[in-house]
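This report concerns the arrangement of strands in a protein model. Please keep the sequence and the structure at hand while reading.

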Amino acid sequence: MAGAIDLKDIFFVEAEELLSALEEGLRAIQTGAQEADTVNAVFRAVHSIKGGAGAFDLKPLVNFAHRFETVLDALRGGQLQPEPALLGALLHASDHLADMIGASRNGSETDPELDERVILALEAQAGMGGHKEEEAFVFEPLALDGPFGMDLSALPLASLQRKVVLTFRPHSGAFASGHDPAFLLRDLCGTDEVEIELDQTALPAPGGFDPGQSYLGWTITLQTERSDRELLAVFDFIEGNCDLHLEAEMETPPDPDGTLPEPNRAPSPVVTASAPVTPPPKPVAAPKAPDAPAATSPQPAASASAASTGPRPTIRVDIDRVDRLVDILGELVIHQAMLTEAIEQSPGFGSVEVDRSLDQLRQLSRQIQESVMAIRAQPVKPLFDRMHRIVREASMAAGKSARLVTEGENTEVDKTIIERLADPLTHMIRNSVDHGLEKPARRDEIGKPTEGVVKLSAAHRSGRIVITVQDDGGGIDRDKVRQIAIEKGLVPPNAELSPQEIDALLFLPGFSTATEVSALSGRGVGMDVVRSEIAGLGGRVGIASVRGQGTTLTISLPLTLAVLDGMVFEAAGQTLVLPVSTIIETLRPDIMMRHTLGRTDSVLDVRGRCLPLIDVGAALGFRRTLKPGEGEIVVVVERGDDGAIALMVDGIRDQRQVVIKGLEANYGQIPGIAAATVLGDGSVALIVDPSDLEAIGPNPPRPNVFLAAE
Amino acid sequence: MSLRILAIDDSLTMREMLRQTLTEAGFDVVLAEDGIDGLTQLPDVAPDLILTDLNMPNMDGFGLIEAVRAGDVAPRVPILVLTTESAATLKERARQAGATGWITKPFDEHSLVSTIRRVAAV
């Protein structure tokens, strides 16, 4: 079947949703926040996973889900109480179910012994013996396909024909269950030669006739090769709603499947009226059941309904198509800039119409951009939901008690960013549980609740997305951090460090504070990895901590990875771009505002606040010293959480939207440079990352960069 | 005119499967997500047959069958239950509610189509 692969994809997407509904429901039950339907919803989630898995013949998954569902059914029915131990086992089973689905999505399977252990643990907790299940779950679809739609032209040998007499009388209420005797009779006849006799003796007098009741009976005589079982199968559904009797002249012949077919006999149903009172069934059925299903179909609304097949007008689109749209949009923005530049330089420029049209074009392309970004934007909820499991596992492994509280789950973030946030966020959460929270005994000692809280929140703040991971643990032990950093040679022993600087040491490569290195946070993979992953998204990580009260990690990210508002400026003959969102102000400073620190460093006094002063041209290695007329303009930009730096530039060109072109894929990471872009004149300009510039310092080694624009 | 089927299932996978299978078989398919959705669409769709899941949020299959049978839009339309359940008690409950027939999931395409043809008689 052509669509089979797509269907499986749909199943996995749906399973993902069902899994989070399952987990969310179980958590709600655990915290007592459940609503009336929560247990049902949890049951349905597992049930639907079982149904879908069955459709794709994923047997281990079906078996696991079936047994899981049996426990949930008992919980739903009140035979089981949602005690903490049972909920723990249920959550564990739900985590394992997620693993199983993840594995089958990748075309593999989880260890069957582990599957069995997890489900047995759940069944033991629920007081159910895994094997005393009354019957194993069977995949076999009900054998419904009788002779219908099968190849009836391939009739078996004539000698197997026999005479069968069937009497059939629907109960008076049979129509109410949607049965139509006319259909059944037609099915029964198939291609055989039949005689049908109508019994209308039960018809009431005209006055007492109810069209909703069935009054008729039939005696059908068939010359057939079909077995009794096959003939009776026609009446499967109406069974219990009719009187049915079968009398055969000869014993049931073997099923026709194995016998040799005869050449086509061009059979057609032959209905012989054996008595004047026996009309073919159809005309009889029609008047007595005027609103039988066959008669209901021609309704005027039928055509209108085809268009409105669902109440919610949403479509699912392949992400590649949206990405393609974003790419094209990027090109559009570049060409719009080129066009604007070309027109502005042409002799005819200055006409009001042209100016207005250009302005309109600019606005339209911005609107398209916003609309496309809105398509890719998704709430962070699924990502946040996954973190509950991380907290569960991390706290169990570390012998701690912790719960995750989430906030702002509906904050929408570009899908690409969400995907790339999963790893760093997982790491940060594990860190919070592992290193942030105290052990329950310790918490008890100092009067905190034994259960620690990790709070994960998301919010939009001034054109950026801010995600925080906050724990209520012991905070950073700065003396210890400092000592470790000195031991590891990361800072000189006599270094004077501010609390913020000490906290920042945690982000240095190879730093690990846990005295006992746990299996979870691992060795070597530290916050430096988190930092570089976030930096790869154009974001920053900050850390703040209060001793005894906890630590807060903050990620700040751009809304999109595709386009940014940039300020185009010149430094050392280069055209560069600064993200507008980072710019606080632009000024032309007086010489008196500048103060020198030591031999090379200088600061700028901006209304009493001293900011590090950095020459962008020198920081990026384009020049060593300033010539007269250079570096006279200062752009104050924010870096990280609180501070700001002053950047010396030679001139400011304009402000515009620029399309971000990553450098990593084609060149590599350059300190101080976030990405590149193509300007209106076709030249390449580098996008400066101010927070990184400061780290390079004013006199860096000269980076090996040669610009295409030169 | 092709047979019009209202297929009700809360699982997207199942709906998509039914849509593909039934459309390929030449039926006209309208999908609904749960009992309430199915019931809401019923007057517009005027189906020749309803195919419904049992376990669904908002209104389950039993509720739907009872509502259709008790309503005056299409009280006699054949209703086939399509579900992973195979317990005899549930089958009996569905029969009591007024279901016309029963198909156990996972269905095989051929038997699903032939059962529909048989019940709605094409």
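Predicted model: local features only at pLDDT ≥ 70, side-chain atom pairs only at ≥ 80, totals over all residues.

## The five-stranded sheet

In chain A, five strands form an open sheet with mixed pairing, in the order S21-S13-S14-S23-S22. The edges are taken by strand S21 (651–659) and strand S22 (673–678) of chain A; each has a single partner strand, so one side of each is left without a neighbour in the sheet. From one strand to the next, the twist averages 35 degrees.

Within this sheet, strand S13 (residues 563–571) of chain A runs antiparallel to S21(A), and eight bridges join the two. A:Val568 has A:Asp654 in S21(A) as its bridge partner.

## A helix against the sheet

Helix H11 (residues 319–345) of chain A packs on the five-stranded sheet. The helix touches S21 and S22 of chain A, which are the two edge strands. The direction of helix H11 makes about 145 degrees with that of S21(A).

## The six-stranded sheet

A further open sheet in chain A consists of six strands, ordered S15-S19-S20-S18-S17-S16, and its pairing is mixed. Here strand S15 (583–587) and strand S16 (594–597) of chain A stand at the edges; because each has a single partner strand, one side of each is left without a neighbour in the sheet. On average, and with direction ignored, neighbouring strands of this sheet are turned by 30 degrees against each other.

How values were computed. Residues numbered from 1 in each chain as written. Chains lettered and ligands numbered in written order. Heavy atoms only, no water. Pairing = 2+ DSSP bridges. Helix = DSSP H or I, 4+ residues; strand = E, 2+ residues; numbered from the N terminus. Axes fitted to C-alpha atoms, helices over the stretch in contact; angles between N-to-C directions. Contact = heavy atoms within 4.5 Å.
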